[in-house]
Protein chains: 2
Amino acid sequence: MEKNDEREEYTYDNEEREELTEERILQMLDERKFKELKEELENNMYPVDLAELMKDFTQKQLVMVFRLLAKEEAAETFAEMDSDMREMLIGGLTDSELEEVMEEMYLDDTVDVLEEMPANVVDRLLMATDEETRQQINQLLQYPEDSAGSVMNVDYIALRKEMTVADSILKIRQVGLNKETIYTCYVTEKRKLIGMVDVKELLTTSESKTIEEIMDTNLLYAHTTDDQEEVAQIISKYDLIALPIVDHEMCMVGIVTVDDAMEVLEEETTEDISIMAGVNPSDDSYFETSVLEHVKSRLPWLLFLMLSATVTQMIMNHYESALAVMPQLAGFIPMLTGTGGNCGSQSSTLVIRGISVGEIEFGDLFKVIFKEVRVAVLISLILSVVNGIRIIIMGQGDVMIAVTIGLTMACTIVIAKVVGCTLPLLAEKVGLDPAIMATPLISTLVDISTISVYFAIVSAVFSL
Amino acid sequence: MEKNDEREEYTYDNEEREELTEERILQMLDERKFKELKEELENNMYPVDLAELMKDFTQKQLVMVFRLLAKEEAAETFAEMDSDMREMLIGGLTDSELEEVMEEMYLDDTVDVLEEMPANVVDRLLMATDEETRQQINQLLQYPEDSAGSVMNVDYIALRKEMTVADSILKIRQVGLNKETIYTCYVTEKRKLIGMVDVKELLTTSESKTIEEIMDTNLLYAHTTDDQEEVAQIISKYDLIALPIVDHEMCMVGIVTVDDAMEVLEEETTEDISIMAGVNPSDDSYFETSVLEHVKSRLPWLLFLMLSATVTQMIMNHYESALAVMPQLAGFIPMLTGTGGNCGSQSSTLVIRGISVGEIEFGDLFKVIFKEVRVAVLISLILSVVNGIRIIIMGQGDVMIAVTIGLTMACTIVIAKVVGCTLPLLAEKVGLDPAIMATPLISTLVDISTISVYFAIVSAVFSL
């Protein structure tokens, strides 16, 4: 981004904003320039950036900066911190300060915070909230992890169908400031969700119309127990700003907003990618996960795959005499298994991603296999020929060997591509996560079939 | 989702909506029940679902359904179709119908459509738009692919700082209906962006205040030439509904909305995942990509990796005599390279994802290596012991062999984890996409080091 002097009068460039660095804040604290710091924090700092910037602060520094923030910014910054920082900060705040933070936070953030805190801190936080909020919190904490209920916000604007547009705008005026998202209002009758109205609609319609006349009754919604990923995908597919969440009696209980949906999708993608690499996903980020937890999440697949590789070994031992006669045959094995593994993982990855973005489903199985087989045939032709030429040029074998390796490679590639595209779809069909059918498992299976095919062909060709 | 009779009076369940299936629409067309179909389409169908449902329709069927839609729905449905459907539909519409569609579409959608159409269709579409729109379209088409300019919308609400809140609401009333997102208004002065106001703010402030008093001047924005992924990440990080896009003179030219940001992030993730599997990403989805294009996108990495595997082969050929004496040594190779490859891909995948969500950066290199080395040491201890026991129980070797394999495995795992976590960070540092340092490349590199280490240790232990 280029700089431009003229605009500095009014605006604050992304790069310039970074000038309020960790070092500068610490220096201003040291020099007790509190007023100046307070002003800079107010004008040039976003809560999410501030939380990141303070991650190495001591408790004392954290509390000092926190006390300079306006109420709303303080609550938002608190919500953006990681759990260690929060715990440290809570330890340094007075009860009344804590009360203010709890009052300002949106309820879904409060619940997130509580879920990560040790019991004694939770008690202290709950003491700092009023009775009504406490009840709402307890209810939210009961929804299963990863459910719509666990990510929803209970603050939204509810209208009645008899209200006029003017009444509605007045109601937004009165209660809107405390609601996270006011841009979609929900029409309820005896708590049941019966319609919705965009604020855009309210602002562009005659003030005397009633809500019933303008409300949209073709509703999209989800239940509290629905999976959060499903909810996020509905929001993404239909380009919504928020999705209403209802209980089993169709009573409105909250909304999930688009920013939460984006976060859910990012988390779910990280989870998928981890599983695809043979790592059990964890809720914590890379650095937040301890060495022991890293070992625990990576070991199961490694053990399983290592032991599965025993099959390959048994097959090879069976052909020990062939290897004793022609030891140069072993040299081709890593290249053959490597190529097979790569071909298989290309197919499985594309299919896994296709399933997760909703393009491919089980019904497409034969369509996918047909496509992969054609791709495999073309690729194996090219690779076999190139590799055959290489073998002869580099003097690693004669034409017979080149043909044998080429034949093995062609079979391997076709098998790898078919296995690679089939397994994720089968997993999906039986209700497993397709992501487990990714590279590590596919490449072990492909290893086994490659070695079998290789030695079967070699034995036949060279009568070993 | 469970059914509940009471609510059907008002609402339409996700499942019930699906009742308007492809078959039912075709049947209603056959029976010429146009009025009924029109009503159902109006009340129970979202454009994105309708587009999906009609993907196997003939041109005649497509045009018949399309003509039943209200103007706005027609334009939205058109925007959701894939390029083949659009081309087919355009061929069946009259010029004046086309004009109506073009008029109703948001400009960013129009540009998307035009980018995918053959030249003759583009000409016809441009003929159907008015002069002013055509100029705007031409300007948008000039922004580089994947830039903020190419995904932005030029419709937004601009206010002046002298306006009062009441004036502003009036302005929204007048022009708002045609704007995609009205919830953030931008304050401009001589076209330069100087502030922004949330509609929430407008609705909850005294009507006599001026915009200058309430506008936020701590602005987030991006330039037309910025990468679309960067823009999407700013929207995600700061929980925005839209981000203003400015040119190099800080003049406001458009906005990118949160729904476009979600789409960009999904595309970019698909791209990353493809690259991580050794597939050059394409703009088209799995089925839209032809067999030849699939071959073209998968072949380069396969060729490169196959030829790299030659190095492994050369090392093994060097130890041919050792293999002739102890052919059972070859049997351990697939297990060793497999385990090494899996360990390496676990580390590289976690680091690549950490980089792409912004948790890990080059400065963390040593912190990451230190963590991976500790993880590697623990994992190699466990795997070596388990594998040693297996070797002895299954009679695949004596204690000497078990120790040799264990030692090789430990070295391999440490090397794999260090290489796996280092390469993505180095790639990031030199401006390459870290995703290319994923499983395929890592496992080839790890193969080479595994084989080297294995034969070095074997030669030393058994003096071969």
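Which residue in β2(A) is the bridge partner of Ala158(A)? In β2(A), that partner is Tyr186(A).

The model is predicted; local features need pLDDT of at least 70, side-chain atom pairs count only at pLDDT 80 or more, and totals for chains, interfaces and linings use all residues. Residues are numbered from 1 along each chain as its sequence is written, chains are lettered from A and ligands numbered from 1 in the order in which they are written, and side-chain values use heavy atoms, with hydrogens and water left out.

**View 1. Pairing around strand β2 of chain A.** Helices (H or I, at least four residues) and strands (E, at least two) are DSSP runs, numbered from the N terminus. Two strands pair if DSSP finds at least two bridges between them. Strand β3 (residues 192-198) of chain A pairs with β2(A) in the antiparallel sense over six bridges; Cys185(A) has Val197(A) as its bridge partner in β3(A). A hairpin is formed by β2(A) and β3(A), with two residues between them. In its turn, Lys190(A) has a positive phi of about 50 degrees. Five of the six residues of β2(A) are buried (under 20% relative accessible area; exposed is over 50% and partly exposed in between, with a 1.4 Å probe and protein chains only).

**View 2. Salt bridge between Lys161(A) and Glu189(A).** A salt bridge is a side-chain nitrogen of Lys or Arg within 4 Å of a carboxyl oxygen of Asp or Glu. In the pair Lys161(A) and Glu189(A), the closest N and O atoms are 2.3 Å apart. The lysine, Lys161(A), is buried at a relative accessible area of 13%, whereas Glu189(A) is partly exposed at 25%. Both residues belong to a network of salt bridges that also links Arg160(A) and Glu162(A).

**View 3. Two salt bridges in chain B.** Over all chains, a search of the whole structure finds 26 salt bridges. One pair is Lys33(B) and Glu31(B), with the closest N and O atoms 3.1 Å apart. Lys33(B) is partly exposed, with a relative accessible area of 34%, and Glu31(B) is partly exposed at 39%. Another pair is Glu162(B) and Lys161(B), where the corresponding distance is 3.9 Å. Here Glu162(B) is partly exposed at 49%, while Lys161(B) is buried at 12%.

**View 4. Lys371(A), a buried lysine without a salt bridge.** Side chains of opposite charge can pair when their charged atoms come close. Lys371(A) sits in helix α21 (residues 365-393) of chain A. Lys371(A) is buried and has no salt bridge; the nearest side chain of opposite charge is Glu293(B), 7.4 Å away. For charge, Lys and Arg count as positive and Asp and Glu as negative, while His and the chain ends are not counted. Contact means heavy atoms within 4.5 Å. Leaving aside residues up to four places away in sequence, Lys371(A) touches chain B residues including Tyr286(B), Phe287(B) and His294(B).

**View 5. The β4-β5-β6 sheet of chain A.** Three strands form an open sheet in the order β4-β5-β6 (chain A), with mixed pairing. Its edge strands, β4 (222-223) and β6 (252-257) of chain A, each pair on one side only. Strand β5 (residues 242-246) of chain A runs antiparallel to β6(A), with five bridges between them; Pro244(A) has Ile255(A) as its bridge partner in β6(A). Helix α16 (residues 228-237) of chain A lies across β4, β5 and β6 of chain A, at about 140 degrees to β5(A). Axes are lines fitted to C-alpha atoms, for helices over the stretch in contact, and angles run from 0 to 180 degrees between N-to-C directions.

View 6. An unreviewed UniProt entry places the feature "domain: CBS" at residues 215-271 of chain A. UniProt positions are given in the numbering used here, feature names are shortened, and annotations may be inferred rather than shown by experiment. Over residues 215-271 the chain is 42% helix and 23% strand, and the end C-alpha atoms are 39 Å apart.
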